[in-house]
Amino acid sequence: PVSRPDPDCVFCGIVAGDIPSDQVFADDRVVAFRDLAPKAPVHVLVVPREHSRDVRELAGNPVLLAHVVQVAGLVARDQADGDFRLVFNTGARAGQTVMHAHAHVLAGADQNESDT
Ligand code: 5GP
Ligand code: ZN
């Protein structure tokens with residue numbers, strides 16, 4: 001099951017084009033744009049256009065989840081050296097602040113040294 005779009009959801013606003021973003025990739029299923037507060041030399045969010053609450057709900061659509069992972073790889077190849085960390089903060093107690101499923105792609109220098 002997929003949550004109904006929330007009119008107050010910031011990522012639905014970005015997907016709709018109502019909120020500006022610095023997009024690095026887009027297709028019919030996802031958009032990828034730079035995080036406002038980057039925590040790595042390359043910090044891009046891959047966001048399914050379809051609203052779901054978090055990666056647990058997104059996993060109900062395995063094809064779409066796999067596409068998010070594939071796009072993360074494309075972004076890391078295009079924006080960095082190809083290697084990357086993929087983070088899904090899942091639930092408020094794990095630090096998720098935007099309740100629209102998204103993958104953080106963290107890439108660039110020293111990602112292999114990071115412990116976050
Ligand atoms: P999480 O929910 O996984 O903890 O993180 C949400 C991420 O979205 C944060 O890293 C935050 O900086 C980013 N973010 C929140 N609002 C916006 C926005 O309006 N535009 C962009 N580009 N990033 C945002
Ligand atoms: Zn949303």
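Is aspartate 54 buried or exposed? With 20 C-beta neighbours inside 10 Å, aspartate 54 counts as buried. A residue is called buried if 20 or more other C-beta atoms lie within 10 Å of its own, exposed if 12 or fewer, and partly exposed in between, with C-beta atoms placed from the backbone. The structure is a predicted model, in which local features need pLDDT of at least 70 and side-chain atom pairs count only at pLDDT 80 or more, while totals for chains, interfaces and linings use all residues. Residues are numbered from 1 along each chain as its sequence is written, and chains are lettered from A and ligands numbered from 1 in the order in which they are written.

The chain has three helices and five strands. Along the sequence these follow the pattern α-β-β-β-α-α-β-β. Helices (H or I, at least four residues) and strands (E, at least two) are DSSP runs, numbered from the N terminus. Of the 116 residues in the chain, 28% are buried. Among contacts between residues at least 6 apart in sequence, 59% join residues at least 24 apart. Two residues are in contact if their C-beta atoms, placed from the backbone, lie within 7 Å.

Helix H3 covers residues 62-79. At 1.5 Å a residue, its 18 residues should span 26 Å, and its end C-alpha atoms are 26 Å apart, which agrees. The expected span is 1.5 Å times one less than the number of residues. The buried residues of H3 are Val68, Val71, Ala72, Val75, Ala76 and Gln79. They cover an arc of only 140° around the axis, so they sit on the same side of H3. The arc is that of the directions from the helix axis to the C-beta atoms. The face turned away from this buried side carries the exposed residues Pro62, Val63, Ala66, Val69 and Gln70. The cover over the buried residues of H3 includes strands E1 (23-26), E2 (30-34), E3 (42-48), E4 (85-87) and E5 (103-107).

The largest nonpolar core has 23 residues. Such a core is a set of buried Ala, Val, Leu, Ile, Met, Phe, Trp, Tyr and Cys residues joined through C-beta atoms within 7 Å. Ala32, Val44, Val46, Ala72, Val75 and Val105 touch the most other members. Helix H1 (10-16), E2, E3, H3 and E5 each give two or more residues to this core. In soluble globular proteins, nonpolar side chains tend to be buried together.

Alanine 32 belongs to strand E2. It is buried, with 25 C-beta neighbours inside 10 Å. Beyond four places in sequence, alanine 32 touches Gln23, Val24, Phe25, Ala26, Val44, Leu45, Val46, Val71 and Val75. Its C-alpha atom is separated by 9.4 Å from that of valine 105, 73 residues apart along the chain. Valine 44, with neighbours within four places left aside, is in contact with Val24, Ala32, Phe33, Arg34, Asp35, Val75, Gln79 and Val105.

Aspartate 54 lies in the loop between E3 and H2. Its contacts, not counting residues up to four places away in sequence, are Thr90, Gly91, Gln96, Met99 and Ala101. Aspartate 54 and asparagine 89 are 35 residues apart in sequence and 8.1 Å apart in space, C-alpha to C-alpha. Arginine 56 is found in helix H2 (residues 55-58). Arginine 56 is exposed, with 12 other C-beta atoms within 10 Å. The C-alpha atoms of arginine 56 and alanine 101 are separated by 8.6 Å, at 45 residues apart along the chain. Aspartate 27, in the loop between E1 and E2, is also exposed, with 11 other C-beta atoms within 10 Å.

Ligand 1 has 14 residues around it. A residue is near a molecule if its C-beta atom, placed from the backbone, lies within 6 Å of it. Leu36, Ala37, Asn89, Thr97 and Val98 come nearest. The shell divides into seven nonpolar, five polar and two charged residues. Here Ala, Val, Leu, Ile, Met, Phe, Trp, Tyr, Cys and Pro count as nonpolar, Asp, Glu, Lys and Arg as charged, and the others, Gly among them, as polar.
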